[in-house]
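Subject: Structure handover

Hello,

Here is the structure we talked about. Please look it over, then read the notes below.

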Amino acid sequence: MTINARFFVLKQNNEPGKPVPAHFDLAARSAAKLYRAGQRVFIYVDSVEDAHAVDEHLWCFEADSFVPHNLQGEGPKGGAPVEIGQMPPVGRRTILINLAQQLPDFVRRFDKIYDFVPVESNAKHAARQRFMQLRQLGAEISTKEIDN
């Protein structure tokens, strides 16, 4: 099965006063949209601090936009529809939202990958590396520029 990957290329730095980086916000909004479409999503992060940042940001959504989510090791036995962590997810999830600097070793478990190209040069370089790795895996890759 071919992996479909979409890279979101951010055109602007974070706005002052935003609680999370722009790509974390976009990832959370994407997870919410995917959840409403009936998808089970895994958000992969580099650190416990990043996991908590995404978790807290999802809690800040309006009440009518609530996204059932949990950090790995918390929540129901099969995990909430959106799970955030650093290890392979609980149960079958078809969509990976990658917020880490590298792709996880278990990337082939997913049918679709969302990834981000922030404006910062180090983050942009890491995104290029992930792009090349996905290309080597035979993924079908698309990009979308985000102006916000």
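Helices (H or I, at least four residues) and strands (E, at least two) are DSSP runs, numbered from the N terminus. A pocket is found on a 1 Å grid over the protein atoms alone: it is an open set of points where a 1.4 Å probe fits, with protein on both sides within 12 Å along at least five of seven lines. Lining residues have an atom within 4 Å of a point.

This is a predicted model, so local features need pLDDT of at least 70 and side-chain atom pairs count only at pLDDT 80 or more, while totals for chains, interfaces and linings use all residues. Residues are numbered from 1 along each chain as its sequence is written, and side-chain values use heavy atoms, with hydrogens and water left out.

The pocket

H1 gives the most to the lining of the largest pocket: five residues. At least two residues each come from strand E1 (4-10), H1, strand E6 (112-117) and strand E7 (140-146). Among the lining residues are Arg6, Arg29, Lys33, Lys112 and Tyr114. By class, the lining has six nonpolar, one polar and five charged residues. Here Ala, Val, Leu, Ile, Met, Phe, Trp, Tyr, Cys and Pro count as nonpolar, Asp, Glu, Lys and Arg as charged, and the others, Gly among them, as polar.

Helix H1

H1 covers residues 22-36. The buried ones include Phe24, Asp25, Leu26 and Leu34. Just after H1, Gly38 has a positive phi of about 85°.

Helix H2

In H2, the buried residues are Ala51, Val54, Asp55, His57 and Leu58. Seen down the helix axis, they fall within an arc of 165° (taken from the directions from the axis to the C-beta atoms), so they line one face of H2. They pack against H1, strand E2 (41-44), strand E3 (69-71) and strand E4 (82-85). Contact means heavy atoms within 4.5 Å.

Ile95

Ile95 sits in strand E5 (residues 95-98). Ile95 is buried, with a relative accessible area of 4%. Leaving out residues up to four places away in sequence, Ile95 touches Leu34, Gln39, Arg40, Val41, Phe42, Phe110, Lys112 and Tyr114. Ile95 and Val107 are twelve residues apart in sequence and 9.8 Å apart in space, C-alpha to C-alpha.

Best wishes

Key:
Expected span 1.5 Å × (residues − 1). Buried < 20%, exposed > 50% of the residue type's maximum accessible area, 1.4 Å probe, protein only.
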